[in-house]
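Have a look at the screen and I'll talk you through it.

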Amino acid sequence: MNLTPEELQTGKENFYAAIGSEYTRRDFLAQSLAAAAVAGGSLGGFYYGYSQADVKDPVRIGVIGTGDEGNVLIGALNPNFLQVKAICDIRPYNVYRAFEGQKIGSERARTVRKGLMNVYGWKTREEADKNVKVYQDWKQLIDEAKDNGIEAIVIGLPFQLHAPVAVYAMEHGLHVLTEKLMSSSIGACKDMIRTAVASDCLLSVGHQRHYNILYANAAETISSGLLGDIHFIRAQWHRGNLPGKDSWQPMMPGDSQLADALRKRTIELERATAPGVKPDPKKIEDLQNQVKEYTAQVADKDVDASKYGYQAHEIPAAYGLPAYQATPLEELIRWRLWKRTGGGLMVELGSHQMDAAGIFVTAMHEKVKGTHEKVKPLAVSAHGARNLFNNDREIDDHLHCIIEFPHPEYDAADPQSALRKIEVAYSAVNGNGFGGYGEEVYGTKGTLMLLKEQEVALFKEADTSAKVEVKKSDELVLDTQASGPSQAAAKGAAALADVSLGYREELEHWAWCIRNRAPENKPRCSGPIGMADAVIALTVNVAVAKQERIEFKKEWFDYTSDETPDDSTPTVKLPA
Ligand SMILES: NC(=O)c1ccc[n+]([C@@H]2O[C@H](COP(=O)([O-])OP(=O)(O)OC[C@H]3O[C@@H](n4cnc5c(N)ncnc54)[C@H](O)[C@@H]3O)[C@@H](O)[C@H]2O)c1
């Protein structure tokens, strides 16, 4: 039976009592939310212990790489914490989007990629240009950073560029927040951390689940013992991508569909503004924006990608499949499909979910052993396959792996205790999006599901009929009856509906750490934590390539050691 909001409000059912816990998660969540609402602060600040009041002067930043994700980060910026002084990108389309925001595509895409002008309230591009310098050369942006008052860099580049740009920036005394995966090799991850230590810069890695309150709350739920003994985690990211319709194969600027879209909007605009036609200002503005954005997208065709190191690929005909040739521009735009520039499904998708698995396993260890250090896995077995797509790529389209984490009672030296593990089974497939993406945590008393980073559901043991849902959506079903006055609870519920996936909090917290330097004020996904996620993701890829079960070595997770799982070697020497 699903519990209705009314049932939850009146307390007809007490799911938590039913599964025998003293602790009521509804209390925890409701009190937290209500307190945040009453305090008038941001929910992230309340949850993660930072405050806007401590950031009197916004941190001045440059954003390098303003593509899809760089623009999500720009859209999530809180101007009270961060001031963008410069951006750098080599694609005219993405420079355009950085300022104007996205005006075509899905509602969600348009909402999250607001653009700098929207974020900072600049009315015209001229006004925006007075505030933000535009670069094509990231080295030049960093070299001139101090002259422009820039103190820190956000990196939204493809993963093979994270390390060189981050290291160069920190060598110039700039703090760094880089997108995940931290780097394409573990040697380079270690270089990034060593440079951060040597330069005393703050390095943050963009695994946003560390800043999503649903994950923080899930960890609390686990460490409270509500789910019992955790023994299994299942995670998946299933997408309906198919040949000819693949989100990792975005349109190229020379594609006829793009030219057609531009032509169609241009004609519609001409008609809408023709003499004798009653003007519809909203429609005209919308069409003007679309024409501008498609024009910017087509302008990408003139980018000389080889000048920036992008390479051509030639895949010979095989197994009845035709040969395929990709230009350097294709590698730039479809970088996820090539091994030089992309790490495949585990790097792009699974790394977030293994990060989440690590958060859950760590919460379990906290409950039993009282330790807080992020728990590292023991071993991985993995398999990858390309079942669907043609040879227009190097990466697999199916990935499956089992990662073994230690249970808190695990002890390698004792034959019985050595069996005590928490298994994480992961699959990422294309061709069928059934089940979407999320993580399920199986305990001896209950099951916790996190769906699409936005919804939580709890089940009593295997009984999927007794369910409490917490949703970040309009039809929010948040049980708050057990705590406080109803007004505060309602405010809490409203606050939850507004919570971001964590991007805003990740940026705010990084800025707060920069302005409030102290050994304990570190990004929640710091260099070593981001590197642990990279070790897992890149070792999965090694396991797929070697078709072997691989045992993780603790030295791989230690930035002071030169050992790595992927034959890479750090080059930066540790400070003496
Ligand atoms: N945290 C998340 O949930 C999440 C989601 C999506 C992507 N990402 C990560 O964000 C990063 C970027 O992904 P994306 O989807 O935005 O890709 P994208 O291709 O849309 O954006 C990358 C941008 O970098 C620019 N660029 C490439 N080389 C450059 C160079 N030498 N100099 C200047 N600019 C250059 C490109 O022109 C492009 O605009 C990746 O590491 C990806 O894994 C993270």
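So, K139 lies over the face of Y168, 5.4 Å from the ring centre. By "over" I mean NZ of Lys or CZ of Arg within 6 Å of the ring centre and within 35 degrees of the ring normal. R239 does this too: its charged end sits over the ring of W248, 4.5 Å from the centre.

Quick caveats: this is a predicted model, with local features needing pLDDT of at least 70 and side-chain atom pairs counting only at pLDDT 80 or more, while totals for chains, interfaces and linings use all residues. Residues are numbered from 1 along each chain as its sequence is written, and side-chain values use heavy atoms, leaving out hydrogens and water.

On to aromatic pairs, of which the structure holds 10; that's Phe, Tyr or Trp rings (the six-membered one for Trp) with centres within 6.5 Å, stacked if the planes are under 30 degrees apart, edge-to-face if over 60, and tilted for the rest. Y50 and F81 have ring centres 5.9 Å apart and planes at 90 degrees, so they're edge-to-face. Both Y50 and F81 are buried, meaning under 20% relative accessible area, where exposed is over 50% and partly exposed is in between (1.4 Å probe, protein chains only).

Y120 and W122, on the other hand, are stacked, at 5.0 Å centre to centre with 20 degrees between the planes. Y120 counts as buried because its relative accessibility is 14%, and W122 does at 10%. Finally, Y47, Y48 and Y211 make one aromatic cluster.
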